[in-house]
Amino acid sequence: MREPTTTPTFCRICEAGCGLLATTEGDRVVRLDPDKDHVASQGFACVKGLKFANLHHSPDRLDHPMKRVGDRWERIGWDQALAEIGAKVRALRAEHGPDAVAGYLGNPAAFGAFHALAFNAFLEGLGTTQSYSSASQDLTNKYLVAKRLYGHELLQPIPDLDRTDLVVLIGTNPAISQMSVVQVPRAMARLEAVVDRGGRVVSLNPRRTETARAVGEHLFIRPGTDVFFLASFLHVVLAEGGVDHDLVGAHTTGFDDLAAVVADWPPERTEAVTGVAAAELRGLVADYLAADGASLYCSTGVNMGPHGTLAYWLINVVNAVTGNLDHAGGALVRTPPLDFQKASKALGLGVGTARSRVGDFEMILGTFPASLLADEITTPGPGQVRALFVSAGNPVLSVGNGDRLAAALDELELLVSIDLFRNETADHAHYVLPACSWLERPDVPLVHAFAGLQVDPWLQYTEAVVPPAAERREESWIFARLAEACGVGLGPGWPARGLTWALGRLRRVPGLGRLAEVSDARLLALVLEVARHPVRRLRRHPHGVRLPDVAGGEFLGSRVLTDDGRVHLAPADFVTAAAGLEADFEAERTDGGLRLITRRERHSHNTWTHNAEPFVGGDRTTNRLHVGADDAAGRPG
Ligand SMILES: Nc1nc2c(c(=O)[nH]1)N[C@H]1C(S)=C(S)[C@@H](COP(=O)(O)OP(=O)(O)OC[C@H]3O[C@@H](n4cnc5c(=O)[nH]c(N)nc54)[C@H](O)[C@@H]3O)O[C@H]1N2
Ligand SMILES: Nc1nc2c(c(=O)[nH]1)N[C@H]1C(S)=C(S)[C@@H](COP(=O)(O)OP(=O)(O)OC[C@H]3O[C@@H](n4cnc5c(=O)[nH]c(N)nc54)[C@H](O)[C@@H]3O)O[C@H]1N2
Ligand code: SF4
Ligand SMILES: [Mo]
């Protein structure tokens, strides 16, 4: 038995990125403990992170490339897997063109420094526009609104929780889920601190959540009606003279059109549908306007519901016209260590302008809605999808109408799944390729730090806690090899170009052809060098290092990426869509039916983590439907 070793690292299951201390004996991870010295999480970690070693060492983990032969899975080597997949892709591209090959990128890709970059570089190398991601399930509304208002999908204002006087949490349950599109470890402690210093935390939610029970106040709302609540909120802001006209004049366009949109939605009208009393809403607006730093924030309860885009639009314009956007304690758009948004916009890369073959939908952050995939596979004609690479995703369970997608997947000539496990999507695959878990790869919280999505910016470099077992590989290696096997290079998109530039600048590695030879550790070192946070310096701070925490004043007038550099308060398509709210309001008013809402559980994560018995306690074998006794009474059982 070797001496136990303890390595500081961080969890990469959800966006929080909590600091952990990993104790290893040889190649076994024997414990994961909360890291109380971590700059951001300060000793917080949830049960999933603390028990991840059980999943990491699960007997279900993929160790080798596997090929489906009839109804059996056979172990094959990487060389064979790459050669066969490559040959198939070459043939399909030669016969049907680049769009015959599609990719779907799942949620965990956001937590590996090079996963999404390598995936995108692979698709760009193939020259396909058929790109899909799990973001279309849970947050495309946020990307679209940011694109229209601020000129880039990833210019996302995030609540400045550590300085706020008032925050309204709409459709989120941080006590269980830690929020989304923002990296906020210790969310509950931060919210409790708001209340302790005399501020307000209001959960707007159809359910009295674990969060609402623990901190601040709870305001009930009928499911799916947030857009009406928000229209009334803005209506009252305007009526009460809550607009910062200097800011609106200097930094925005479209104010009058915006004002017209909410003119007919006083809270006395919308209360019939939202269930939020007009007096309650007016009181909340009054406190919001009186606060020095306040914000409205939403997450999946709004994003995945009806009118998610209009609701998030209203959230953003409320924060903007009241002067809370770019203001300490309000909603901040942070400047990352490298101005990733500006660079990608300037180079025209990573964002995409194509429209979907089926349905003529707009591309958002380089991807189409995953709900189109089934039709793209089954609809004949040029551009029909015949091969699909799925990395860290399980669309058969995570996309609506999964049965239809499952049936469509069976029509594919090639389906490859890159994952830790053989999941339900892989049941339809021809090949599964084994990826490293986060305990097996070096990392920094690249996506969140470099998109400016951290509530208190920090950076941490972690080594791989244990070396990759068996034949597991980092995704960057896998996609570089796949590109080679398919006879294409990686690139020419933003990530690849950025890396070429970095590699060229440092004169260490000649070019992208060699990307396949470079480990994640090497790539990370190069990128961090360019970002002026060299690994040697980060290594001196194993519990993470704080980045400059600028509290406002760095976005308006300098980093807004619309053509005129102003925030567009009233994009034409949103204004048009808002006209349709009248009809929906009428429908809501007369709808007496029950409505199903979502609920996440502490011990379960999206569609995965349910397979390994000893992962965490709790019943993970079923999805329960909870219904109130009053609601259940008199309804068929
Ligand atoms: N334990 C655990 N943590 C997770 C995950 C997990 O599966 N399990 N998943 C991770 C992922 S990928 C994400 S995106 C985040 C999501 O993080 P959150 O968005 O915070 O997710 P939920 O906890 O589902 O909270 C959504 C809330 O919306 C409420 N809601 C439902 N419908 C409506 C509505 O119409 N209006 C309003 N106002 N509220 C509504 C629900 O009652 C619920 O409390 O969580 C991440 N963290
Ligand atoms: N049924 C259901 N549907 C959902 C949700 C849900 O909770 N339940 N949540 C919604 C939300 S908020 C989201 S974000 C989407 C998510 O949609 P998806 O991303 O399609 O689904 P996930 O369940 O997150 O699937 C993640 C997959 O990645 C694998 N994985 C984990 N870590 C790694 C890694 O480091 N590398 C690789 N290659 N694979 C890895 C897991 O084993 C799992 O198979 O689903 C949405 N739809
Ligand atoms: S909240 Fe839990 S799952 Fe999320 S990063 Fe922290 S420890 Fe990991
Ligand atoms: Mo999500």
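Student: How much of ligand 1 does the protein cover?

Tutor: On its own, ligand 1 has 930 Å² of accessible area, and the protein covers 97% of that. Accessible areas come from the Shrake-Rupley method with a 1.4 Å probe; for residues, only the protein chains shown count as cover.

Tutor: A caution on the source: this is a predicted model, where local features need pLDDT of at least 70, side-chain atom pairs count only at pLDDT 80 or more, and totals for chains, interfaces and linings use all residues. Residues are numbered from 1 along each chain as its sequence is written, chains are lettered from A and ligands numbered from 1 in the order in which they are written, and side-chain values use heavy atoms, with hydrogens and water left out.

Student: What puts a residue in the shell around ligand 1, and how many are there?

Tutor: One of its heavy atoms must lie within 4 Å of the ligand. For ligand 1, 31 residues surround it, the closest being Ser177, Gly224, Ser299, Thr300 and Ser604. By class, that shell has eight nonpolar, 16 polar and seven charged residues. Here Ala, Val, Leu, Ile, Met, Phe, Trp, Tyr, Cys and Pro count as nonpolar, Asp, Glu, Lys and Arg as charged, and the others, Gly among them, as polar.

Student: Which polar pairs does ligand 2 make with Tyr104 and Glu475?

Tutor: A polar side-chain atom of Tyr104 lies 2.6 Å from an oxygen atom of ligand 2. A side-chain N or O atom of Glu475 is 2.7 Å from a nitrogen atom of ligand 2. The protein buries 89% of the 920 Å² that ligand 2 exposes when taken alone.

Student: Which element gives the most to the shell around ligand 2?

Tutor: Helix 19 does, with three residues. Helices (H or I, at least four residues) and strands (E, at least two) are DSSP runs, numbered from the N terminus. The shell has eleven nonpolar, eleven polar and five charged residues.

Student: Which classes make up the shell around ligand 3?

Tutor: Eight nonpolar, three polar and one charged residues. Among them are Cys11, Cys14, Cys18 and Cys46.

Student: Why is the second largest pocket said to lie between domains?

Tutor: Domain 1 (66-133 + 369-546) and domain 2 (158-331) both give residues to its lining, so it lies between them. The domain bounds come from an automatic or database domain assignment. By class, the lining has 15 nonpolar, 13 polar and five charged residues.

Terms used: A polar contact is a pair of N or O atoms within 3.5 Å; within protein, one must be able to donate a hydrogen and the other to accept it, and residues adjacent in sequence count only if both atoms are side-chain atoms.
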